[in-house]
Structure formats: C-alpha cells, structure tokens
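Please open the structure in a viewer and keep the selection panel at hand.

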Amino acid sequence: MEREKVTTLYLGPQHPGITGNMMVRLKLKGDTIVGARTEVGYLHRGFEKLQEKRNWLQSFTILCRFCVPEPDPVEEAYALAVELLEGREVPERAKYIRVLVLELARMASYLLWFGGQSGSAGLYTMGQWSVGDRNYILDLFEDITGGRVYHMFIWPGGVRRDLPKGFKDKAMKVMDYFEKRLEEYDTLMFENSIFQKRAQGVGIIDKEKAVEWGVVGPVLRGCGIKSDIRIDDPYEIYGELYEKGVFEVPAFEGGDVWSRALVRRFEIRQSINIIRYVLDNIPDGEFYNKIPNPHKWKIAKGDAYSRVEATRGEVGFFVASDGSQYPRRTHFRGAAYVHAITLLENVLIGANVADVSFIMNSLGTCPPEIER
Amino acid sequence: MEEIKNKIYQRLTEAFPEITEHKLDFPYNRLDVKIPKNKVPAILFYLKDEMGFKHLVHITCVDWIEEEKFELIFIVWSPKEKVKVFVRTELDRNNPVMDNIDMIWRQANTYERELREMFGIQFEGLVAPKEFILEDWDDIPPMRRDFDTEAYAKKRFFERPGREDAKDVRQTIAERTGESLPDFAKKYSR
C-alpha cells in the first residue's frame with residue numbers, strides 16, 4: 001500500500017480568513033487536517049509591562065487596544081478590578097450607563113462577527129449588511145463617548161460623561177430598526193442552505209469536556225451549557241436585571257458552528273431588551289464617584305481579579321498593588337487565550353482545510369488578546 | 001455566601017493541614033489559601049475532582065523583588081458553588097522551579113509557557129515549544145521587575161539618522177551635510 005503523504009501548510013499570519021495576525025501550522029493528509037499548532041508572536045507589544053509604569057488611570061489608552069473590535073469589556077474589567085482592590089463604590093446611574101455601553105458594544109461586536117463568519121463561508125452580502133448596520137451603533141457611541149471605536153469611557157468610580165440630551169429617542173429608534181433587521185438577517189444567513197450545510201456538524205466540541213477544557217461564553221452555551229458571567233458571577237446591575245426577567249441566556253445543544261451562530265443571533269435580541277430596559281429605567285443622580293488626584297492616588301497592598309462577559313467569553317483582569325500609585329502587576333485573561341490555542345488545535349483535527357477560518361471565527365479568536 | 005466559604009475552607013483544611021495562611025473576609029465570593037509549592041498539584045486535583053472547581057480561570061505570577069520571591073496564584077471557579085478560590089504559593093526568585101499542572105487542565109500548558117518565558121519559571125515536565133511570544137530573546141525574562149525596558153531598547157535598537165531630535169528630518173540632514181533645503185520642503189519646515 002502506498003504511504004500517504006503528510007503536507008505542512010502555514011495558514012497566516014496574513015490571511016483573509018484569520019481574525020488577526022496569528023499563524024496556524026497545519027499537517028494535512030489530502031485536505032483533511034491531522035495536526036494543528038497555533039503560533040503567535042506577531043503582535044506582542046508588552047502592554048502589561050507598560051502598565052507597570054503608568055498610574056491607575058493612564059492605562060486606559062492602552063486597554064482599548066487589547067481587543068480592537070470590542071474594547072469596552074476590557075475597560076470594564078480593569079475598572080472593576082481597581083474598584084474591587086480599593087473597595088470603591090459606583091453610583092447607581094453609572095452602573096446603568098456602563099451596562100448600556102457594554103450591551104451596545106456586544107451588539108456591535110456580534111454584527112462584525114456576522115460579517116467574519118458568513119464571509120468565510122462565501123456569503124459576502126451578509127457582512128456588508130451587518131457591518132453597515134453596525135455604523136448606527138457606532139453613531140450612538142459617538143454621541144455618548146465622543147469616539148467611534150475606542151471609547152476610554154468606563155473608568156474607576158463610574159463613567160466619564162453623562163448621557164447627552166435626546167439620546168433616549170435616538171437609541172430607541174436604532175433598536176426598533178435592529179428588531180426589523182434581525183428577521184432579514186435570518187432570511188439571508190440562517191435560512192441559506194450554503195450556510196446550513198457548512199455550519200451544521202462542523203467543529204464539534206464535546207459537551208462533557210467543555211468546562212474542563214476552559215471553554216467559555218457563547219462557545220460553551222453552544223454546547224448546551226447555560227453559563228454566563230452576567231448571571232453566575234454578576235457585576236453591575238446584571239444580577240437584578242436577570243431576576244426581573246429582562247434578559248435570558250440562550251443555549252443550544254450541538255456544540256457545532258451552527259449552534260454557536262444561533263447563540264450569537266439570539267443574544268443580539270437579548271441585548272436589545274437590556275438596552276430598552278436601561279433607557280426606560282435609568283435613575284437620576286451622579287454618574288461619577290470622584291477619585292483622588294490620579295498622580296497621588298495610592299492603593300493599599302493587595303490583589304483582585306474581575307470577570308466580565310464579553311462576546312468571546314470570559315475576560316478578566318488580575319491586578320496587584322504594592323501600595324504605590326502604580327500597579328505592581330496586571331495580567332489580562334482573554335477568552336481567546338484558551339480558545340485559539342489548546343481548544344483550536346484539538347477542534348481542527350479531522351476538519352477540512354476550507355473550514356479552518358470558519359471554525360476559527362466561530363470560536364471567537366482575537367489574537368491581540370493572546371499576546372497583548 | 002459566608003457559610004459556603006467556611007464549608008469549603010473546612011474541607012480544604014481537613015484534607016490539607018499544610019495550608020499556612022487563609023483569608024475569607026472578602027465582601028464578595030472569593031477565598032484565599034496559601035500552601036507550600038510541593039502541595040499545589042495535589043490541592044488543585046482535589047479542588048477539581050472532589051469539590052467541583054472545574055474551571056481554571058487564571059494562572060498568574062507577581063514579582064515581589066524586595067522579598068526575593070515570586071508569588072504564583074492559581075484561580076479556580078466552581079460553577080456549582082459560585083465561589084472562586086485563589087491558591088497561592090511562593091517560589092524562590094533565584095531558583096524558580098514549579099511542578100507542571102497541565103495534566104489537570106490542559107489549557108494550563110499555555111499559561112505555563114507564558115510564565116516560563118516572561119518570568120523564567122521552570123515548570124518541571126512541561127512539554128511545549130521553547131518560544132511562545134518572544135523571538136530570539138537574549139536578556140533576562142522581560143516581566144521581571146529588574147528588567148529595564150528603556151535600557152534594553154537603547155541597547156538593542158538604534159535611531160534612524162536624522163531622527164535624533166524633534167526637528168524636520170530634511171532640515172537636520174541638510175544642516176549636517178551643508179546642503180540647502182529644496183524649495184518645496186522649506187514651505188513645511190519648522
């Protein structure tokens with residue numbers, strides 16, 4: 001019998017299907033993958049080392065670069081960690097504004113993700129629609145924060161500005177628009193037989209092993225496990241919103257690309273619910289609990305770890321202070337740190353070369369989060 | 001919450017009398033225990049298999065250079081009890097050696113690779129390619145506190161000729177070589 005030849009294929013670091021600068025080294029038999037190895041190191045900028053030389057506020061210009069499509073959860077994670085470390089309270093209104101910003105960021109990130117996921121299956125129209133629609137959310141961000149992509153809006157003690165006048169009407173209009181639009185997305189993407197055939201039964205993750213493997217976020221919910229930091233380890237006002245039934249956490253059995261796509265589709269709907277509720281019920285009052293002079297702001301020795309649910313899964317910040325005005329150590333935990341390395345290497349085995357970027361997108365890979 | 005934390009702490013101390021320090025009085029769902037480094041794999045195995053702490057949240061290291069030690073912190077989370085446990089241990093800064101734990105959680109492999117590269121902690125039995133993020137690194141591990149980023153950059157890289165000051169590059173080069181600036185450049189030059 002003739003021996004089968006194993007070919008090595010380097011996918012990335014620059015490749016339209018890869019979600020950033022990252023390389024996957026594939027071992028192939030024919031076009032079936034028999035081995036995969038993730039190689040990183042094309043984006044390293046030493047952010048955590050830089051943060052050691054910056055005071056507790058100066059880090060925020062760096063933080064939003066940790067994951068470009070979705071900077072707000074990272075800011076929230078750092079602000080929460082500093083607040084836990086110091087024991088600082090946040091005004092009620094600031095909590096509502098934070099939730100509003102985080103949910104808008106979640107919608108914007110999912111819309112961008114729709115483009116990546118359907119684009120890697122060849123459905124480019126979907127990407128053009130959803131990325132175009134994302135601009136309406138970026139307009140709202142511009143109103144609230146002054147920036148479209150990088151906001152630097154959430155900081156320890158609250159948020160930087162109050163909501164502008166007339167914001168509620170504008171935001172409600174955008175939400176109405178998205179409600180109608182989501183049905184059109186369903187027709188274009190989820191009822192499309194190409195997407196169904198490509199997504200169903202591809203990139204399956206074992207439900208029994210998922211938690212131990214470190215799978216988090218929409219990928220875990222795509223395995224049928226209802227797990228979300230917003231309800232398991234609630235921060236801000238998510239705990240009470242969930243108890244009041246404002247939002248639900250969708251979970252679908254299957255563990256394949258299809259069920260992960262469904263989870264994300266239904267989460268946009270839940271985000272709309274949360275944004276509507278927050279706009280209707282936001283209390284009056286202060287939006288910012290004044291911090292001391294940032295250059296003399298010292299925090300007592302100790303450490304803290306905060307957890308935030310981003311669209312990729314759990315992100316968190318470990319922050320340790322030595323009693324000075326600079327952090328002794330900050331360490332970021334991104335969901336992609338687990339998803340793109342140990343998980344991806346295992347899920348890819350047995351898949352087709354054409355499915356690599358498809359699976360990679362569905363796992364929510366974000367290379368800047370790995371290297372920082 | 002206090003009851004659950006006390007119950008977990010009771011079970012841990014019964015199984016591991018080696019626990020040296022603990023802290024329970026956090027206003028949120030967190031519990032800290034400190035244990036000698038040779039007991040860390042055992043306590044992590046126990047937490048995962050016997051007590052339902054299935055999810056490894058984080059492995060991190062803090063460099064306490066004044067006390068000549070590294071503090072290694074393993075954070076684990078129980079989806080059932082909704083409590084996170086910080087398992088802390090200390091390593092000698094001059095000879096940081098630790099047992100590998102990637103047979104408990106396979107994703108620990110990635111965290112250990114990063115700590116090996118950034119702090120120089122040797123994990124015994126870790127099977128992974130030597131380089132992770134850095135390439136051809138020839139200095140002390142960069143996340144240690146005594147690593148000076150600025151000095152390293154000055155030693156390793158050089159300024160492009162004409163870029164030493166904030167002046168217009170064309171003007172600097174023209175002054176150095178004694179040439180006059182071309183007309184189009186004069187318009188924009190400071």
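**A guided tour**

Helices (H or I, at least four residues) and strands (E, at least two) are DSSP runs, numbered from the N terminus. The model is predicted: local features need pLDDT of at least 70, side-chain atom pairs count only at pLDDT 80 or more, and totals for chains, interfaces and linings use all residues. Residues are numbered from 1 along each chain as its sequence is written, while chains are lettered from A and ligands numbered from 1 in the order in which they are written.

Next, select residues 72-86 of chain A, which form helix α3. Its 15 residues reach 21 Å from first C-alpha to last, close to the 21 Å expected at 1.5 Å a residue (the expected span is 1.5 Å times one less than the number of residues). Is this helix enclosed or open? Of the 15 residues of α3(A), 14 are buried, so the helix is largely enclosed by the rest of the structure. A residue is buried if 20 or more other C-beta atoms, placed from the backbone, lie within 10 Å of its own, exposed if 12 or fewer, and partly exposed in between.

The contact joins A:D72, A:P73 and A:E76 of α3(A) to A:R98, A:V101, A:L102 and A:A105 of α4(A); two residues are in contact if their C-beta atoms, placed from the backbone, lie within 7 Å.

Now move to A:E236, in the loop between α10 (229-232) and α11 (238-243) of chain A. It counts as partly exposed because it has 19 C-beta neighbours inside 10 Å. Leaving aside neighbours within four places in sequence, A:E236 is in contact with A:K95, A:R98 and A:V99. A:E92 lies 144 residues away in sequence and 8.8 Å away in space, C-alpha to C-alpha.

Finally, turn to chain B, where 23 residues are in contact with 26 residues of chain A. The elements giving two or more residues to this side of chain B are β3 (55-64) and α3 (108-119) of chain B. β3(B) gives the most, with seven residues.
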